[in-house]
Amino acid sequence: MPPRLAFLASAAPDAQEALAALTWRHATVAAEEADVIIALGGDGFMLQTLHATQHLDTPVYGMNRGTVGFLMNTYQVDGLVERLDKAEMAVLNPLRMKATRSDGSVSEALAINEVSLLRQGAQAAKLRIIVDGKQRLDELVCDGAMVSTPAGSTAYNYSAHGPILPIGADVLALTPVAAFRPRRWRGALLPKASHVRFEVLDPERRPVMADADSRSVRNVVRVDISSARDIAHKLLFDPGHGLEERLIREQFV
C-alpha cells in the first residue's frame, strides 16, 4: 500500500508548478493524516515546514524548488514513491531560545539552524558568555555571536568562519561574528547538552537583537540557549545524499 502523502509548497512559481505536477500524479491527504510530508521549495521553506509540523511525528521529504537546497533532495516528478521507500532518515533537535528584553518581557522561540545575537546600531556589541553556569568569556566585542546546530553549521555559522559539524557529533558550535576583542578568538565547540547564556553589556548604548531562524527579538539583555531534546524533526534523504554525506562533502569544496 503506497504511503499517504501531504504536499506543501512555497509561493514561488517553480514550487507551485511542482505542486500541480505531483498532485496530478498522487492522491493527497492533510498533513495530520499523512505518512510522509512532501515539502516543495528551498531551505527556508523547509525550515517553515519543520516548524509548522513539529507537533506531528511525521517525516518530511523535501524537493528543491529554491536556490541552495541543502536540506532538500533533487526535484523529479517521476518515481516519488520508490524514492521514499529507499530514503534515509536524519533526526534533528532544534535549539530553544529564551530572550529577555530590556523592559523585562520574555520571548521564546525554536531554531533548527541557529540562534544568533546581532548588534542593532552602529557600535559593536559587548557580550558576556556563560556556559552551564560558568562564566567563560568576560567580554566579547563583536558584531554578534551565534550558537548553531549541526544542521545549521553550513549556513550563517559557516559564513562567519565557524566549523562544519557532522550530524551525529552531539556538539554545538559557538561562533563569533566579526570579533574585535578578543581578536583571535574563533569560538568554541560545546556538548549538545550545554546551556549557553549571553548577557548584553551596556545594552542602552550598544543595543542587541536576537534571532531564531529569522524570528527576531529586539533590545535583548539576556539570551538563554539550550538544545530541545523533547522535539525531534525527521528529514528523509535519497540514499547517498543524506545530511551526513552533505555535511562531509561541504568540507572539501
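A residue counts as buried under 20% relative accessible area, exposed over 50%, and partly exposed in between (1.4 Å probe, protein chains only). This is a predicted model, in which local features need pLDDT of at least 70 and side-chain atom pairs count only at pLDDT 80 or more, while totals for chains, interfaces and linings use all residues. Residues are numbered from 1 along each chain as its sequence is written, and side-chain values use heavy atoms, with hydrogens and water left out.

Start with the sheet. Helices (H or I, at least four residues) and strands (E, at least two) are DSSP runs, numbered from the N terminus. Two strands pair if DSSP finds at least two bridges between them. Five strands form an open sheet in the order 1-2-3-17-4, and the pairing is mixed. Strand 1 (5-9) and strand 4 (88-92) are the edge strands, each pairing on one side only. From one strand to the next, the twist averages 30 degrees. Angles run from 0 to 180 degrees between N-to-C directions, with axes as lines fitted to C-alpha atoms, for helices over the stretch in contact.

Strand 1 and strand 2 (residues 36-41) run parallel, joined by five bridges. Alanine 6 stands opposite isoleucine 37 in strand 2.

Contact here means heavy atoms within 4.5 Å. Helix 1 (residues 13-25) lies across strand 1, strand 2 and strand 3 (60-64). Helix 1 runs at about 160 degrees to strand 1. Helix 2 (residues 43-52) lies across strands 1, 2 and 3 and also strand 17 (233-237). Its angle to strand 2 is about 150 degrees.

Charged side chains come next. Side chains of opposite charge can pair when their charged atoms come close. A salt bridge is a side-chain nitrogen of Lys or Arg within 4 Å of a carboxyl oxygen of Asp or Glu. The structure holds 12 salt bridges.

One of them joins arginine 4 and aspartate 35 (3.1 Å, N to O). The pair links distant parts of the chain, 31 residues apart: arginine 4 precedes strand 1, and aspartate 35 sits in the loop between helix 1 and strand 2. Arginine 4 is partly exposed at 41%, and aspartate 35 is partly exposed at 33%.

Another joins aspartate 230 and arginine 96 (3.2 Å, N to O). Aspartate 230 lies in the loop between strand 16 (220-227) and strand 17, and arginine 96 in strand 5 (residues 95-101), so the pair ties together parts 134 residues apart in sequence. Aspartate 230 is exposed at 59%; arginine 96 is partly exposed at 28%.
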